[in-house]
Amino acid sequence: MNEVKDIKDNIKRIRQRIEQAALRSGRNPAEVELVAVTKNVPVERIELALKEGITIVGENRVQEALKKQPFLPDNVKWHLIGHLQRNKVKKVIGKFDLIHSLDSYPLALEINKQAIKLGQTVDVLIQVNVAGEESKFGISPEKLTDFILQLAELPALKIKGLMTIAPYTQNPETVRPVFRKLRELREEIAAQGIPIEYLSMGMTNDFEVAIEEGANLVRIGTGIFGERI
Ligand SMILES: *Cc1c(COP(=O)(O)O)cnc(C)c1O
(Lines give C-alpha, C1' and ligand atoms only; values in the text may rest on other atoms or scores of the structure.)
Protein backbone atom coordinates (compact mmCIF):
# COMPACT_ATOMS: atom_id res chain seq x y z
CA MET A 1 0.00 0.00 0.00
CA ASN A 2 1.28 3.44 -0.92
CA GLU A 3 0.35 5.58 2.08
CA VAL A 4 1.81 8.78 0.70
CA LYS A 5 -0.33 8.61 -2.38
CA ASP A 6 -3.44 7.54 -0.45
CA ILE A 7 -3.37 10.54 1.85
CA LYS A 8 -2.61 12.89 -1.01
CA ASP A 9 -5.48 11.53 -3.12
CA ASN A 10 -7.88 11.51 -0.18
CA ILE A 11 -7.19 15.15 0.63
CA LYS A 12 -7.57 16.15 -2.98
CA ARG A 13 -10.92 14.37 -3.23
CA ILE A 14 -12.20 15.79 0.04
CA ARG A 15 -11.23 19.30 -1.11
CA GLN A 16 -13.11 18.79 -4.37
CA ARG A 17 -16.18 17.61 -2.51
CA ILE A 18 -15.98 20.57 -0.11
CA GLU A 19 -15.77 22.91 -3.06
CA GLN A 20 -18.72 21.34 -4.83
CA ALA A 21 -20.89 21.37 -1.72
CA ALA A 22 -20.07 25.04 -1.14
CA LEU A 23 -20.82 25.99 -4.73
CA ARG A 24 -24.09 24.02 -4.69
CA SER A 25 -25.30 26.17 -1.84
CA GLY A 26 -24.06 29.41 -3.35
CA ARG A 27 -21.14 29.81 -0.98
CA ASN A 28 -17.50 30.62 -1.48
CA PRO A 29 -15.51 27.38 -1.04
CA ALA A 30 -12.68 29.37 0.52
CA GLU A 31 -14.93 30.04 3.53
CA VAL A 32 -14.85 26.39 4.53
CA GLU A 33 -11.88 25.36 6.64
CA LEU A 34 -10.80 21.75 6.83
CA VAL A 35 -9.76 20.28 10.17
CA ALA A 36 -7.85 17.02 9.68
CA VAL A 37 -8.86 14.79 12.59
CA THR A 38 -5.76 12.91 13.70
CA LYS A 39 -6.88 10.82 16.66
CA ASN A 40 -5.06 7.48 16.53
CA VAL A 41 -2.98 8.77 13.61
CA PRO A 42 0.79 8.70 14.20
CA VAL A 43 2.89 11.82 13.56
CA GLU A 44 4.52 10.38 10.45
CA ARG A 45 1.15 10.17 8.75
CA ILE A 46 0.13 13.60 10.01
CA GLU A 47 3.29 14.99 8.37
CA LEU A 48 2.13 13.57 5.04
CA ALA A 49 -1.11 15.50 5.39
CA LEU A 50 0.76 18.71 6.28
CA LYS A 51 2.70 18.32 3.05
CA GLU A 52 -0.59 18.42 1.19
CA GLY A 53 -1.46 21.77 2.69
CA ILE A 54 -3.36 20.73 5.82
CA THR A 55 -2.90 23.49 8.41
CA ILE A 56 -5.39 22.54 11.15
CA VAL A 57 -5.20 19.32 13.12
CA GLY A 58 -8.03 18.14 15.38
CA GLU A 59 -7.49 15.82 18.31
CA ASN A 60 -10.11 14.59 20.70
CA ARG A 61 -7.86 13.63 23.58
CA VAL A 62 -5.66 16.13 25.40
CA GLN A 63 -2.97 13.63 26.30
CA GLU A 64 -2.58 12.36 22.76
CA ALA A 65 -2.39 15.87 21.32
CA LEU A 66 0.23 17.06 23.81
CA LYS A 67 2.33 14.02 23.08
CA LYS A 68 2.35 14.76 19.35
CA GLN A 69 2.80 18.52 19.46
CA PRO A 70 6.59 18.61 19.98
CA PHE A 71 7.09 16.48 16.88
CA LEU A 72 5.16 18.69 14.47
CA PRO A 73 5.96 22.15 13.10
CA ASP A 74 5.08 25.22 15.17
CA ASN A 75 2.80 26.65 12.52
CA VAL A 76 0.32 23.78 12.80
CA LYS A 77 -2.97 24.88 14.36
CA TRP A 78 -4.27 22.52 17.05
CA HIS A 79 -7.98 22.15 17.71
CA LEU A 80 -9.38 20.19 20.62
CA ILE A 81 -12.57 18.54 19.39
CA GLY A 82 -13.34 16.01 22.15
CA HIS A 83 -14.88 16.35 25.59
CA LEU A 84 -12.59 18.20 27.99
CA GLN A 85 -12.52 17.14 31.63
CA ARG A 86 -12.16 19.91 34.17
CA ASN A 87 -9.08 18.34 35.73
CA LYS A 88 -7.28 18.59 32.36
CA VAL A 89 -7.96 22.28 31.79
CA LYS A 90 -4.64 23.41 33.23
CA LYS A 91 -2.85 21.39 30.59
CA VAL A 92 -4.70 22.84 27.61
CA ILE A 93 -4.29 26.58 28.20
CA GLY A 94 -1.99 27.95 25.53
CA LYS A 95 -1.76 24.58 23.77
CA PHE A 96 -4.77 24.77 21.46
CA ASP A 97 -5.83 27.42 18.98
CA LEU A 98 -9.48 26.51 19.37
CA ILE A 99 -11.51 24.31 21.71
CA HIS A 100 -14.63 22.99 19.92
CA SER A 101 -16.15 21.29 22.93
CA LEU A 102 -17.19 23.78 25.60
CA ASP A 103 -20.14 21.83 26.98
CA SER A 104 -20.90 23.02 30.52
CA TYR A 105 -20.77 26.06 32.77
CA PRO A 106 -18.42 24.47 35.32
CA LEU A 107 -15.99 23.77 32.48
CA ALA A 108 -16.29 27.38 31.28
CA LEU A 109 -15.54 28.62 34.82
CA GLU A 110 -12.46 26.45 35.06
CA ILE A 111 -11.11 27.48 31.64
CA ASN A 112 -11.65 31.12 32.53
CA LYS A 113 -9.93 30.72 35.89
CA GLN A 114 -6.88 28.91 34.57
CA ALA A 115 -6.55 31.23 31.57
CA ILE A 116 -6.58 34.29 33.80
CA LYS A 117 -3.87 32.77 35.98
CA LEU A 118 -1.69 32.45 32.89
CA GLY A 119 -2.65 35.82 31.45
CA GLN A 120 -4.21 34.24 28.37
CA THR A 121 -7.52 34.13 26.58
CA VAL A 122 -9.01 30.97 25.10
CA ASP A 123 -11.01 30.71 21.88
CA VAL A 124 -13.91 28.30 22.23
CA LEU A 125 -16.89 26.90 20.38
CA ILE A 126 -19.97 25.87 22.31
CA GLN A 127 -20.92 22.27 21.69
CA VAL A 128 -24.65 21.99 21.18
CA ASN A 129 -26.46 18.69 21.54
CA VAL A 130 -28.94 19.50 18.81
CA ALA A 131 -30.35 15.99 18.48
CA GLY A 132 -30.68 15.58 22.26
CA GLU A 133 -28.76 12.31 22.29
CA GLU A 134 -28.19 10.93 25.80
CA SER A 135 -24.76 9.67 24.82
CA LYS A 136 -23.48 13.04 23.65
CA PHE A 137 -22.15 16.04 25.48
CA GLY A 138 -23.37 19.54 24.77
CA ILE A 139 -25.72 22.32 25.72
CA SER A 140 -29.34 21.82 24.73
CA PRO A 141 -30.65 24.27 22.13
CA GLU A 142 -33.24 25.61 24.60
CA LYS A 143 -30.55 26.57 27.09
CA LEU A 144 -28.09 28.04 24.63
CA THR A 145 -29.05 31.71 24.89
CA ASP A 146 -28.90 31.71 28.69
CA PHE A 147 -25.62 29.84 28.58
CA ILE A 148 -24.09 32.46 26.30
CA LEU A 149 -25.29 35.23 28.60
CA GLN A 150 -23.56 33.51 31.52
CA LEU A 151 -20.34 33.24 29.54
CA ALA A 152 -20.33 36.96 28.90
CA GLU A 153 -19.15 37.35 32.50
CA LEU A 154 -16.02 35.29 31.88
CA PRO A 155 -13.46 37.66 30.35
CA ALA A 156 -10.85 35.08 29.34
CA LEU A 157 -13.29 33.06 27.21
CA LYS A 158 -13.74 34.15 23.61
CA ILE A 159 -16.82 32.62 22.02
CA LYS A 160 -16.04 31.96 18.38
CA GLY A 161 -18.91 29.75 17.39
CA LEU A 162 -20.99 26.64 17.73
CA MET A 163 -20.20 22.99 17.21
CA THR A 164 -22.37 19.92 16.88
CA ILE A 165 -21.98 16.22 16.20
CA ALA A 166 -24.88 14.73 14.28
CA PRO A 167 -26.11 11.22 15.09
CA TYR A 168 -24.39 8.59 13.02
CA THR A 169 -26.36 7.66 9.95
CA GLN A 170 -25.90 5.82 6.67
CA ASN A 171 -27.85 8.50 4.86
CA PRO A 172 -26.63 12.02 5.67
CA GLU A 173 -29.86 13.56 4.38
CA THR A 174 -31.54 12.35 7.55
CA VAL A 175 -29.34 14.63 9.69
CA ARG A 176 -29.78 17.75 7.57
CA PRO A 177 -32.28 19.16 10.12
CA VAL A 178 -29.60 18.90 12.83
CA PHE A 179 -27.21 21.10 10.84
CA ARG A 180 -29.96 23.47 9.84
CA LYS A 181 -30.91 23.89 13.49
CA LEU A 182 -27.35 24.89 14.41
CA ARG A 183 -27.38 27.52 11.69
CA GLU A 184 -30.73 28.85 12.94
CA LEU A 185 -29.33 29.03 16.46
CA ARG A 186 -26.46 31.10 15.15
CA GLU A 187 -28.91 33.48 13.51
CA GLU A 188 -30.92 33.82 16.72
CA ILE A 189 -27.79 34.61 18.66
CA ALA A 190 -26.56 37.06 16.05
CA ALA A 191 -29.91 38.82 16.28
CA GLN A 192 -29.08 39.52 19.92
CA GLY A 193 -25.91 41.26 18.89
CA ILE A 194 -23.51 38.38 19.47
CA PRO A 195 -21.67 37.52 16.28
CA ILE A 196 -20.78 33.88 15.76
CA GLU A 197 -17.92 33.25 13.38
CA TYR A 198 -17.74 29.48 13.19
CA LEU A 199 -20.16 26.66 12.65
CA SER A 200 -18.17 23.48 13.24
CA MET A 201 -20.24 20.66 11.83
CA GLY A 202 -19.76 17.79 9.42
CA MET A 203 -17.52 14.72 9.54
CA THR A 204 -16.49 12.20 6.90
CA ASN A 205 -19.95 10.78 6.68
CA ASP A 206 -22.00 13.94 6.48
CA PHE A 207 -19.79 16.97 5.71
CA GLU A 208 -21.37 17.83 2.38
CA VAL A 209 -24.82 18.22 3.87
CA ALA A 210 -23.29 20.21 6.74
CA ILE A 211 -21.62 22.61 4.29
CA GLU A 212 -24.87 23.01 2.38
CA GLU A 213 -26.41 24.08 5.69
CA GLY A 214 -23.66 26.57 6.50
CA ALA A 215 -20.70 24.77 8.07
CA ASN A 216 -17.42 26.67 7.79
CA LEU A 217 -15.31 24.24 9.83
CA VAL A 218 -15.53 20.57 8.91
CA ARG A 219 -13.79 17.85 10.93
CA ILE A 220 -12.61 14.97 8.80
CA GLY A 221 -10.67 11.93 9.96
CA THR A 222 -11.31 8.67 8.13
CA GLY A 223 -11.93 10.48 4.84
CA ILE A 224 -8.29 11.58 4.96
CA PHE A 225 -6.41 8.91 6.89
CA GLY A 226 -8.59 5.85 6.31
CA GLU A 227 -10.31 3.71 8.90
CA ARG A 228 -8.93 4.10 12.41
CA ILE A 229 -7.32 0.99 13.78
C1 LIG B 1 -13.43 11.44 15.32
C2 LIG B 1 -14.14 12.73 15.22
C3 LIG B 1 -14.35 13.36 13.98
C4 LIG B 1 -13.92 12.75 12.66
O5 LIG B 1 -14.70 11.64 12.36
P6 LIG B 1 -14.57 10.90 10.93
O7 LIG B 1 -15.85 10.19 10.81
O8 LIG B 1 -13.40 9.98 11.05
O9 LIG B 1 -14.38 11.94 9.91
C10 LIG B 1 -14.97 14.59 13.97
N11 LIG B 1 -15.38 15.19 15.10
C12 LIG B 1 -15.22 14.62 16.31
C13 LIG B 1 -15.70 15.33 17.53
C14 LIG B 1 -14.59 13.38 16.41
O15 LIG B 1 -14.43 12.82 17.61
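Which side chains meet in a salt bridge with Glu212? Please start there and then walk me through the surroundings.

Reply: Happy to. Please keep in mind that this is a predicted model. The side chain of Glu212 meets that of Arg24 in a salt bridge, with an N to O distance of 2.7 Å. The pair ties together distant parts of the chain, as Arg24 belongs to helix H1 (residues 3-24) and Glu212 to helix H8 (residues 207-212), 188 residues apart. Glu212 has a relative accessible area of 21%, so it counts as partly exposed; the cut-off for buried is under 20%.

The structure holds 13 of them. One joins Glu31 and Arg27, whose closest N and O atoms are 3.1 Å apart. The two partners fall into separate classes: Glu31 is partly exposed because its relative accessibility is 40%, whereas Arg27 is buried because its value is 15%. Another salt bridge brings together the side chains of Glu59 and Lys68 at 2.7 Å, N to O. Here Glu59 is buried, and Lys68 is buried as well. Returning to the pair you asked about, Arg24 and Glu212 are part of one network of salt bridges with shared partners, together with Glu173, Arg176, Arg180, Arg183, Glu187 and Glu213.

His79 sits in strand E3 (residues 77-80) and has a relative accessibility of 5%, so it counts as buried. Its side chain makes a polar contact of 2.9 Å with the side chain of His100.

Finally, a word on the ligand. Among the residues that surround the ligand are Val37, Lys39, Asn60, Met203, Arg219 and Arg228. Thr204 places a polar side-chain atom 2.4 Å from a ligand oxygen. On its own the ligand has 380 Å² of accessible area, and the protein covers 90% of that.

Notes. Residues numbered from 1 in each chain as written. Predicted model: local features only at pLDDT ≥ 70, side-chain atom pairs only at ≥ 80, totals over all residues. Heavy atoms only, no water. Helix = DSSP H or I, 4+ residues; strand = E, 2+ residues; numbered from the N terminus. Buried < 20%, exposed > 50% of the residue type's maximum accessible area, 1.4 Å probe, protein only. Polar contact = N/O pair within 3.5 Å; in protein donor to acceptor, adjacent residues only side chain to side chain. Salt bridge = Lys/Arg side-chain N within 4 Å of Asp/Glu carboxyl O. Near = heavy atom within 4 Å. Areas by Shrake-Rupley, 256 points an atom, 1.4 Å probe, with all protein chains shown as cover.
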